[in-house]
Amino acid sequence: MAGRPSHPSKEIEAAVAFAEEQGWSWVKVSGHAWAKLLCPHHDRDGCALFVWSTPRNPENHAKQLRRQIARCPHRPAGENDENL
């Protein structure tokens, strides 16, 4: 995605790139969060995840993001979990 700044942590950046591959969108937020990820279901019921700027353990935060993205109930039918 052009114009998106990269996260300083390579693990979290990979998780955000994975989310974009899955159709999630990225929104800049202020405060402790670096960004907010929104699932492809652009509605009130859609999933939203906050990406922390400086989590205590970046590897665990990246794993948590990937797991929550994989569990999104709004994924298109027929997608498998081979990349997880």
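**A tour from Ser9 to the cysteines**

Begin by selecting Ser9, which sits in the segment before helix H1 (10–21); helices (H or I, at least four residues) and strands (E, at least two) are DSSP runs, numbered from the N terminus. You are looking at a predicted model, in which local features need pLDDT of at least 70 and side-chain atom pairs count only at pLDDT 80 or more, while totals for chains, interfaces and linings use all residues. Residues are numbered from 1 along each chain as its sequence is written, and side-chain values use heavy atoms, with hydrogens and water left out.

Ser9 is buried, at a relative accessible area of 11% (buried means under 20%, exposed over 50%, partly exposed in between, with a 1.4 Å probe and protein chains only).

Next, select the strands, where an open sheet of three has the order E1-E2-E3 with antiparallel pairing (two strands pair if DSSP finds at least two bridges between them). Strand E1 (25–28) and strand E3 (48–52) stand at the edges, each with a single partner strand, so one side of each has no neighbour in the sheet. Strand E2 (residues 33–38) pairs with E3 over five bridges in the antiparallel sense, and Ala33 stands opposite Trp52 in E3.

Finally, select Cys39, which is buried at 1% relative accessibility. Cys72 is in no disulfide either, and its nearest cysteine sulfur, that of Cys47, is 3.6 Å away.

Notes
Disulfide = S-S within 2.5 Å.
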